[in-house]
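Conventions and cut-offs are given where they are needed.

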There are 2 protein chains.
Amino acid sequence: MTLTLQPIPNIPLIQPGDDLAKVVLQALETSAIPLQSGDILVFAQKVISKAEGRLFNLTQVIPTPRAEELAKETDKDPRFIELVLRESREVLRVRPGTIITEHRCGFVCANAGIDHSNVSGPWGNEDDWVLLLPENPDASAEKLRLELQKLSGAPELGVLIIDSHGRAWRNGTVGVTIGISNVPGIIDMRGQPDLFGYRLRVTMIAAADELAAGASLVMGQAAERTPVVHVHGFPFMLRDAHFNELVRPKEQDLFR
Amino acid sequence: MTLTLQPIPNIPLIQPGDDLAKVVLQALETSAIPLQSGDILVFAQKVISKAEGRLFNLTQVIPTPRAEELAKETDKDPRFIELVLRESREVLRVRPGTIITEHRCGFVCANAGIDHSNVSGPWGNEDDWVLLLPENPDASAEKLRLELQKLSGAPELGVLIIDSHGRAWRNGTVGVTIGISNVPGIIDMRGQPDLFGYRLRVTMIAAADELAAGASLVMGQAAERTPVVHVHGFPFMLRDAHFNELVRPKEQDLFR
């Protein structure tokens, strides 16, 4: 079966309070892209965060002494670091220019996913506005999915919210899932035989992350302009899922 | 632009010495899938390794004392560990059931990518045969690409060789690139402005790995049966590339 990943054109710049489901269905209609049961819509986190009003102004943030200290170590704005700490469970690495933490949602990334580029707020200096990740990406994905199903009449859709993360060992960022609704995070193949009756070597496929990476590729540089990707032909059954299945428990992680 | 990822049907089980370019073009023709200039073919490493005869029989391997020692720590066959060490530059982590090394090609993965499942050799007990990664995946990709271009008449193609790797922090495996020809490994966006004139946050996109992940998704469980994926609509310009651009230099890696 062919997998098609189509960035949806004609999505306007999203503002706080926008109804993303309506905006996306309108854009699909404009482009005559059919939305079928079993399809998945992949959203760049930025549009979810914007629609949910997760804009913060740095002039309103008072850094703690710990944030001041980490700001020195990283050469970053202490108010920015304060927000990173508020969004994180644990600080993993600190270097000049870099802070890597475990986000309160469980994933590991730089800057707690807080975004400076391409953000402007409703007042004051553009430079002072930053965009935080959605409060609860799984809940955002679920809400969007149910609304998309209701408005479109498609009986079963899937929704992913993705971000771009750096990785250990390898250069460059790849799209990864941070919120999920009705898409399998992991496909568990343990115990299934292969062609010769051996058990398979690869037994746990991070299907949602593989899709996130592919969708991120077609969003390309301009995630602001094509922040939603329509996916047809996902090769596995849709099912109830939570982001948590993609998180390697700390005690099983050899690289923290 | 829509990205389509189509697993190519009707590819027979590959045997040592097979001409993969011919086999793939035949399968594309059988399925009436057009191969156009700018398209990319993504190969599961297993078929490259098999065609190149990278089968080894464990009964022919004499483990060193160090392999014997690591075999005890990992509960693995010392002859298998010996091959892992021969294929690796450095051992990163050793635990019962797990050995993670830096492969001689520069990537970090479990078991140096050596495969036990689904391998049978020309003689002896099936259980004794293992499959090593290609000797030089970039060279394999380049050779395949040139042959595919010559035989098909398509003036410009790209080729990726991919494997499935586990990751720090996250559960499950994803497809990643291990060999590359004429596909950009990294898209460097540094210095490019976004919509509001800010510099972009995500500046180095691991495009080849994002494509590898998407292609891996459609190979799914049966990489042996659909080990080659036809890609149309890759959103960036093809260009000369080497796997090395995807390797984070050891001294810049905070998680080793």
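In chain A, strand β5 (residues 98-103) pairs with β6(A) in the antiparallel sense over three bridges. Strands here are DSSP runs of E with at least two residues, helices are runs of H or I with at least four, and both are numbered from the N terminus. Two strands count as paired if DSSP finds at least two bridges between them.

The model is predicted: local features need pLDDT of at least 70, side-chain atom pairs count only at pLDDT 80 or more, and totals for chains, interfaces and linings use all residues. Residues are numbered from 1 along each chain as its sequence is written, while chains are lettered from A and ligands numbered from 1 in the order in which they are written.

**Chain A overall**

- Six helices and 12 strands make up the secondary structure elements of chain A.
- The radius of gyration of chain A is 19 Å, which agrees with the value near 18 Å that a compact globule of 256 residues would have. The radius is taken over C-alpha atoms, and the globule rule is 2.2 Å times the number of residues to the power 0.38.
- Along the principal axes, the C-alpha atoms of chain A fill a box of roughly 55 × 50 × 25 Å.

**The three-stranded sheet of chain A**

- The order β4-β5-β6 describes an open sheet of three strands in chain A, with antiparallel pairing.
- At the edges of this sheet are β4 (88-95) and β6 (108-110) of chain A, each of which pairs on one side only.
- On average, neighbouring strands of the sheet are turned by 25° against each other, direction ignored. Axes are lines fitted to C-alpha atoms, for helices over the stretch in contact, and angles run from 0 to 180 degrees between N-to-C directions.
- β4(A) and β5(A) run antiparallel and are joined by six bridges; S88(A) has H103(A) as its bridge partner in β5(A).
- These two strands, β4(A) and β5(A), form a hairpin with two residues between them, and G97(A) in the turn has a positive phi of about 85°.

**The corresponding strands of chain B**

- Chain B has an open sheet of three strands in the order β4-β5-β6, with antiparallel pairing.
- Because β4 and β6 (108-110) of chain B stand at the edges with a single partner strand each, one side of each is left without a neighbour in the sheet.
- β4(B) is joined by six bridges to the antiparallel strand β5 (residues 98-103) of chain B, and R95(B) has T98(B) as its bridge partner.

**Helix packing within chain A**

- Helix α1 (residues 20-30) and helix α5 (residues 137-152) of chain A pack at an angle of about 50°, with their axes 9 Å apart.
- This angle makes α1(A) oblique to α5(A). Angles under 35 degrees count as roughly parallel, over 145 as roughly antiparallel, 65 to 115 as roughly perpendicular and the rest as oblique.
- The crossing of α1(A) and α5(A) is right-handed. A crossing is right-handed if the near helix is turned clockwise from the far one by less than a right angle, and left-handed if anticlockwise.
- From α1(A), L20(A), A21(A), K22(A) and L25(A) meet L144(A), E147(A), L148(A), L151(A) and S152(A) of α5(A); residues are in contact if their C-beta atoms, placed from the backbone, lie within 7 Å.
- The residues of this contact comprise six nonpolar, one polar and two charged. Ala, Val, Leu, Ile, Met, Phe, Trp, Tyr, Cys and Pro count as nonpolar, Asp, Glu, Lys and Arg as charged, and the others, Gly among them, as polar.

**Contact between chains A and B**

- Chain A and chain B contribute 60 residues each to the contact.
- On the side of chain B that touches chain A, α6(B) provides the largest share, nine residues.
- That side of chain B divides into 28 nonpolar, 17 polar and 15 charged residues.
- Strand β1 (residues 3-7) of chain A pairs with β1(B) in the antiparallel sense over three bridges, and L5(A) has L3(B) as its bridge partner.
- Helix α6 (residues 207-219) of chain A packs against α6(B) at an angle of about 130°, with the axes 7 Å apart; the two helices are therefore oblique to each other.
- The crossing of α6(A) and α6(B) is left-handed.
- The residues of the contact of α6(A) with α6(B) divide into eight nonpolar, four polar and four charged.

How values were computed: Two residues are in contact if their C-beta atoms, placed from the backbone, lie within 7 Å.
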